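Please look over the sequence and the structure shown below before reading on.

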Amino acid sequence: MTYPLTITNNGVQGRGVIAEGLKVSLTIPAGNNVVAATGPGYQGINQNVATWQLPRSAPKDQERLSITLSQPATQAANLRGTITWAKPAPKTGPSSDVVIIASPAL
């Protein structure tokens, strides 16, 4: 089963922030094996987490990644992940500089 991941910077083009040093991490449900993965910066899997490293994402940039698992993920073991970035650095206080991603309900 192949799952697409589309990473989009929804900032305002020409005015928004350019994120640098992006890390996309996707937790692979127990009992699944990664058969294939596509997209720039794929780093592999370590301790059931597939990782991609992207150098930057400017406003309106979009990267298309995908991962193919040995079997479909169940609703109970839904695919979940995070996107973090190094720059701009998070501000002090509550931060929205970490984004939680999840696959749609099956």
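This is a predicted model: local features need pLDDT of at least 70, side-chain atom pairs count only at pLDDT 80 or more; totals for chains, interfaces and linings use all residues.

A residue is called buried when its relative accessible area is under 20%, exposed when that area is over 50%, and partly exposed in between.

**Strand β7 and its partner**

In a regular strand the side chains alternate between the two faces of the sheet. Strand β2, made of residues 19–27, pairs with β7 in the antiparallel sense, and 5 bridges join the two. Among the residues involved is Val24, whose bridge partner in β7 is Ile83.

Strands of a sheet pair through backbone hydrogen bonds, either parallel or antiparallel. In this model, 3 strands form an open sheet in the order β1-β6-β3, with antiparallel pairing. The edge strands, each pairing on one side only, are β1 (2–8) and β3 (34–38). On average, and with direction ignored, neighbouring strands of this sheet are turned by 15 degrees against each other. Between β1 and strand β6, which comprises residues 62–69, there are 7 bridges, and the two strands run antiparallel. One of the residues taking part is Tyr3, which has Ile67 as its bridge partner in β6.

**An aromatic pair and a buried threonine**

How many aromatic pairs does the structure hold? There is 1 aromatic pair in the structure. The ring centres of Tyr42 and Trp52 are 5.2 Å apart and their planes stand at 55 degrees, so the pair counts as tilted. Because Tyr42 belongs to strand β4 (residues 42–46) and Trp52 to strand β5, the pair ties together parts that are 10 residues apart in sequence.

Thr51 also lies in strand β5, which spans residues 49–57. Leaving aside residues up to four places away in sequence, Thr51 touches Lys23, Val24, Ser25, Gly41, Tyr42, Gln43 and Gly44. Tyr42 is thus a member of the aromatic pair and is also among the residues that Thr51 touches.

| Residue | Relative accessible area | Class |
|---|---|---|
| Tyr42 | 28% | partly exposed |
| Thr51 | 13% | buried |
| Trp52 | 0% | buried |

Notes:
Residues are numbered from 1 along each chain as its sequence is written. Side-chain values use heavy atoms; hydrogens and water are left out. Two strands pair if DSSP finds at least two bridges between them. Helices (H or I, at least four residues) and strands (E, at least two) are DSSP runs, numbered from the N terminus. Axes are lines fitted to C-alpha atoms, for helices over the stretch in contact, and angles run from 0 to 180 degrees between N-to-C directions. Buried means under 20% relative accessible area, exposed over 50%, partly exposed in between (1.4 Å probe, protein chains only). Contact means heavy atoms within 4.5 Å. Rings of Phe, Tyr and Trp (its six-membered ring) pair if their centres lie within 6.5 Å; planes under 30 degrees apart count as stacked, over 60 as edge-to-face and the rest as tilted.
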